[in-house]
Amino acid sequence: MSTCLKIDRKNFGLDFIVRDIHGHLYQLDKQPQEVAFDPSCNRLFCLGDMNDRSPSSESLLTLIDHKTYFNILGNHKAIVIARLENPDTAPRHKPNEGE
């Protein structure tokens with residue numbers, strides 16, 4: 001997995017930035033509608049903590065396609081990755097509201 005992704009400048013459309021979604025897919029569905037987000041020409045960047053704290057976390061992660069939806073690694077996602085790579089890190093995950 002690359003830790004750095006070069007993202008080209010767009011000549012059309014808008015870039016939107018959100019942060020700390022924490023797995024709340026309903027909120028991510030609602031807010032882009034309020035600003036007329038168009039996935040055919042706009043992009044959405046989540047500045048960390050896209051997952052965790054909600055049953056919708058896994059669904060949110062499936063949105064990331066590096067064309068329209070981007071996620072920048074936050075501390076909660078780093079904890080999940082660490083746990084997947086080494087189950088012994090599980091005690092650090094639970095205090096951070098992970099399951």
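A residue is called buried when its relative accessible area is under 20%, exposed when over 50%, and partly exposed in between, judged with a 1.4 Å probe and protein chains only. The model is predicted, so local features need pLDDT of at least 70 and side-chain atom pairs count only at pLDDT 80 or more, whereas totals for chains, interfaces and linings use all residues. Residues are numbered from 1 along each chain as its sequence is written, and side-chain values use heavy atoms, with hydrogens and water left out.

**Overall architecture**
- The protein has four helices and three strands, taken as DSSP runs numbered from the N terminus (H or I of at least four residues for helices, E of at least two for strands).
- Read from the N terminus on, the elements follow the order β-α-β-α-β-α-α.
- Of the 99 residues of the protein, 34% count as buried.
- Among contacts (heavy atoms within 4.5 Å) between residues at least 6 apart in sequence, 74% join residues at least 24 apart.

**Strand β3 and Asn71**
- Asn71 lies in strand β3, which spans residues 69–72, and counts as buried because its relative accessibility is 15%.
- Leaving aside residues up to four places away in sequence, Asn71 touches Cys46, Gly48, Met50, Ile64 and Lys77.

**Strand β2 and Leu47**
- Leu47 belongs to strand β2, residues 43–47, and is partly exposed because its relative accessible area is 42%.
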